[in-house]
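Here is a friendly walk through a protein model, written for someone who likes to know the cut-offs behind each term. Please keep the viewer open as you read.

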Amino acid sequence: METESIAETGKRELKNKSSIHSFTVFPDDLNYKGALFGGKILSEIDIAGLTPVRRMLYNTACDTAVTASIDRVDFLKPAKLGDIVELTATIYKLGRTSIHVFVYVTKEDEYGKIEKICDAHLVFVSLKDGKPYPHNHYLPKEYAPSDNLFNPCIS
């Protein structure tokens, strides 16, 4: 019965929930103290968060998604010139038009040491013609984000 209702509503199970985005810190990305500018990280978090959302919206009636909110971001460590910054974005919750994404950010220095810089929760809203529009995706019932999603272990 539940399968029939899913077929009738046209909902699709979301299978690809994550994406990885990275960049290298260049001189134009630094603040006056020589650390990666916070605004650059926020911009990259937004871009990284949108990537799995865009992929989710392929072949749907939605024409775009916008950032509705970014939760608190605490900068734990600075990134320096030449560091590789990696952002892992994972969709962990879906509403009718809302898409919740967790972004985990690390830096890798010139010696290969990897450290967490920050993380953030973002909410995107799927749109059609500039108005909220149902994306018609669902997460499988057995999918529940593990504690490892929000506290990944870096070795």
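## Ground rules and confidence

This is a predicted model, in which local features need pLDDT of at least 70 and side-chain atom pairs count only at pLDDT 80 or more, while totals for chains, interfaces and linings use all residues. Residues are numbered from 1 along each chain as its sequence is written, and side-chain values use heavy atoms, with hydrogens and water left out.

The pLDDT, the predictor's confidence in each residue on a scale from 0 to 100, averages 88 over the protein chain, and 85% of the residues score at least 70. Over residues 1-8 the pLDDT is below 50, and beyond near neighbours in sequence this stretch has three contacts in the model (a contact means heavy atoms within 4.5 Å). Where pLDDT is low, the predicted coordinates should not be read in detail.

## Overall layout

The protein chain holds three helices and eight strands. Both kinds of element are DSSP runs numbered from the N terminus: helices are H or I with at least four residues, and strands are E with at least two. Read from the N terminus, their order is α-β-β-α-β-β-β-β-β-β-α.

Of the 155 residues, 36% count as buried. Here buried means under 20% relative accessible area, exposed means over 50%, and partly exposed lies in between, using a 1.4 Å probe and protein chains only. Among contacts between residues at least 6 apart in sequence, 71% join residues at least 24 apart.

## The nonpolar core

A nonpolar core is a set of buried Ala, Val, Leu, Ile, Met, Phe, Trp, Tyr and Cys residues joined through side-chain atoms within 4.5 Å. The largest one has 29 residues, and Ile 45, Val 85 and Val 103 have the most contacts inside it. Two or more residues come from each of α2 (38-57), β4 (84-94), β5 (98-108) and β6 (114-128). The largest share, six residues, is from α2.

What does Val 103 touch, not counting residues up to four places away in sequence? Its contacts are Ile 45, Ala 48, Gly 49, Leu 87, Thr 88, Ala 89, Cys 118, Asp 119, Ala 120 and Leu 122.

## Strand β6 and its partners

Eleven of the 15 residues of β6 are buried, so this strand is largely enclosed by the rest of the structure. For pairing, DSSP must find at least two bridges between two strands. β5 and β6 pair in the antiparallel sense over eleven bridges, with Tyr 104 opposite Asp 119 in β6. Five residues lie between the strands in the hairpin of β5 and β6, where Gly 112 takes a positive phi near 90°.

β6 is also joined to β3 (residues 64-70) by six bridges, again antiparallel, and the bridge partner of Thr 67 in β6 is Phe 124. Two antiparallel bridges link β6 to β7 (residues 131-132), and Leu 127 stands opposite Pro 132 in β7.

## Asp 119 and the cysteines

Asp 119, found in β6, is buried, with a relative accessible area of 18%. Its side chain makes a polar contact of 2.8 Å with the side chain of Lys 116. A polar contact is a pair of N or O atoms within 3.5 Å; within protein, one must be able to donate a hydrogen and the other to accept it, and residues adjacent in sequence count only if both atoms are side-chain atoms.

Cys 62 is buried at 9% relative accessible area, and Cys 118 is buried at 0%. The structure holds zero disulfides, a disulfide being a pair of cysteine sulfur atoms within 2.5 Å.

## Loop residues to look at

Asp 129 lies in the loop between β6 and β7, a hairpin with two residues between the strands. Asp 129 has a positive phi of about 55° although it is not a glycine, and it is exposed, with a relative accessible area of 65%. Asn 136 is partly exposed, at 30% relative accessible area.

Leu 30 sits in the loop between β2 (18-24) and α2 and is partly exposed, at 23%. Leu 30 and Lys 40 are ten residues apart in sequence and 8.7 Å apart in space, C-alpha to C-alpha.
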